[in-house]
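User: I am new to this structure and would like to learn how to read it. May we go through its features one at a time?

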Amino acid sequence: MVYVPAAMRHLLLSGVGRDRPGIVAGVTGLALEHGLNVEDSRSTILGGHFTMMLMVSAPDSLDLEALRGGLDETGRRLELEATFLHELVEPSAAKSPDPSHVVTVYGADHPGIIHAVSSVLAKRGVSITDLATHLVGEGVGRPLYVMLMEVAIPSELGAGALEAALAPLATEQGVEATVRVLGRDVL
Amino acid sequence: MAVREVLRYPHPALKQVAPALGPGDEGLLPDLAQDLVDTMRAHERCVGLAATQIGVMVRAVVVDVSEHPKATKHHGLLLLVNPRIALASGSKVGREGCLSIPELTANVRRATAVVLEASTPEGEHRVIEAEGFEALCLQHEIDHLDGILFLDRVDSVDNVFRRKR
C-alpha cells in the first residue's frame with residue numbers, strides 16, 4: 001500500500017491527572033475511534049501528575065464535537081483533572097530550527113531563574129527547541145533547581161559568546177550556566 | 001579516622017578549583033586519606049570521593065571500584081594526590097550519580113581509558129592506566145578538583161534523571 005499524505009487537520013490534545021495505569025491506553029483508544037493519528041507527543045510525570053501532550057492529525061471528516069464529548073467522558077473515566085483539545089489553525093507551522101547546543105543552568109532554587117535565562121536567549125535570537133526543569137531536594141535544605149535547554153544559536157553568535165552573555169546573569173542569580181555542543185550520537 | 005560530612009551543591013567549595021598539595025602539606029595527608037576512605041565506605045555503592053567534597057580544598061581523591069559489578073579491570077583502592085590525566089582515549093556514555101547532588105543522575109560522555117600521573121599519600125610517583133568503569137570514576141573525581149560537577153557535562157535535555165528511591 002502506498003501512503004499518500006492527505007491535507008490533514010491537526011489538533012493538540014492534552015491531559016493531566018494523578019498517575020495511574022491506563023491513561024495512555026484510554027486516551028489513544030479514543031484517538032483511534034475518531035481516526036486520529038498521534039504524530040509528535042510527549043508525556044511524562046511532572047510533580048507526581050501524569051501529563052500528556054499529543055499532536056495529532058485527523059481526517060477531514062472528523063466530528064470535532066463528538067471527539068470533544070468523547071474526551072470529556074474519557075477524562076472522567078480516567079479521573080483526569082483536566083483535558084484540553086484545540087484544532088490548530090495553522091496546520092503546518094514554519095519549520096523549527098535544528099537545535100545545535102545544550103544550555104545547562106543549575107543552582108539553589110528561587111523565583112526568576114528560568115525567566116532571566118530565557119530573556120537573555122530571546123534578546124540574542126536564540127530559539128529554545130526543548131526545555132526541561134527539575135526541582136529536587138525539597139526537605140533537605142535548599143532545593144536544587146536544574147534547567148536543561150536545547151537551543152538553536154544564530155551562527156553569528158556562537159556558543160562562547162552565548163556563555164559569556166550568560167555569565168553576568170549566572171553570577172547575579174547565583175547559578176551555574178554552561179553551553180555545550182548538543183550530543184549527536186549516531187549508532 | 002572519621003566519616004566526614006559530604007558537601008552538597010550549592011556549597012561553594014564544590015565549584016572551586018582546588019590547589020595542588022605542595023611541600024609542607026604532607027602533615028594533612030594521613031588523616032585526609034583515611035577520612036576519604038571512611039567517608040566513601042560509609043555510603044552504599046559509593047565508588048569514589050574527592051577531598052573537595054568533604055570541604056578540604058586540595059587535590060586528592062579516592063576511588064575503589066573493586067566491589068562494583070560494572071568494574072572489569074581495576075587497581076583496588078586508589079588514593080591519589082595531585083592526579084593529572086596525561087592521556088585519554090575512547091568515548092562512551094554512562095549513567096553517573098554523585099553524593100553532592102544525590103537526587104539526580106545523568107548520562108555523561110567520558111573517555112573509556114585514561115593514563116594518570118599522581119602521587120600516593122606516601123609521596124611515591126605513580127602512573128596508572130585505567131579503563132572502563134574505573135576510568136570513568138577517576139575522571140568524575142578529578143573533575144571535582146576543578147569544580148566541575150556531572151551536570152556541567154550533560155549534552156542533551158533528556159540526559160538528566162531523578163534518582164529512583
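Analyst: Let us begin with contacts: a contact means heavy atoms within 4.5 Å. The model is predicted. In chain B, 66% of the contacts with a separation of 6 or more are between residues 24 or more positions apart.

User: Which secondary structure elements does chain B have, and in what pattern along the sequence?

Analyst: Chain B has two helices and eight strands. Along the sequence the pattern is α-β-β-β-β-β-β-β-α-β. The radius of gyration of chain B is 15 Å, close to the 15 Å given by the globule rule for 165 residues, so chain B is as compact as a globular protein of that length. Its C-alpha trace spans about 45 × 30 × 30 Å along the principal axes.

User: How much of chain B counts as buried?

Analyst: A residue counts as buried when its relative accessible area is under 20%. In chain B, 52% of the 165 residues count as buried.

User: How should I read the interface of chain B and chain A, and what area is buried there?

Analyst: About 2000 Å² is buried between the two chains, and carbon and sulfur atoms give 56% of that area. Tyr9(B), Asp155(B) and Val157(B) supply 32% of the area that chain B buries against chain A, more than any other three residues. The contact involves 20 residues from chain B and 29 residues from chain A.

User: Which side chains meet in a salt bridge?

Analyst: The rule finds one salt bridge across this interface. Arg42(A) and Asp158(B) form it through their side chains, at 3.4 Å from N to O. On the side of chain B that touches chain A, strand S5 (104-110) and strand S8 (160-162) each supply at least two residues. The residues of that side comprise ten nonpolar, one polar and nine charged.

Terms used. Residues numbered from 1 in each chain as written. Chains lettered and ligands numbered in written order. Predicted model: local features only at pLDDT ≥ 70, side-chain atom pairs only at ≥ 80, totals over all residues. Heavy atoms only, no water. Buried area = accessible area lost by both parts, 1.4 Å probe. Salt bridge = Lys/Arg side-chain N within 4 Å of Asp/Glu carboxyl O. Helix = DSSP H or I, 4+ residues; strand = E, 2+ residues; numbered from the N terminus. Nonpolar A, V, L, I, M, F, W, Y, C, P; charged D, E, K, R; others polar. Rg over C-alpha atoms; globule rule 2.2 N^0.38 Å. Buried < 20%, exposed > 50% of the residue type's maximum accessible area, 1.4 Å probe, protein only.
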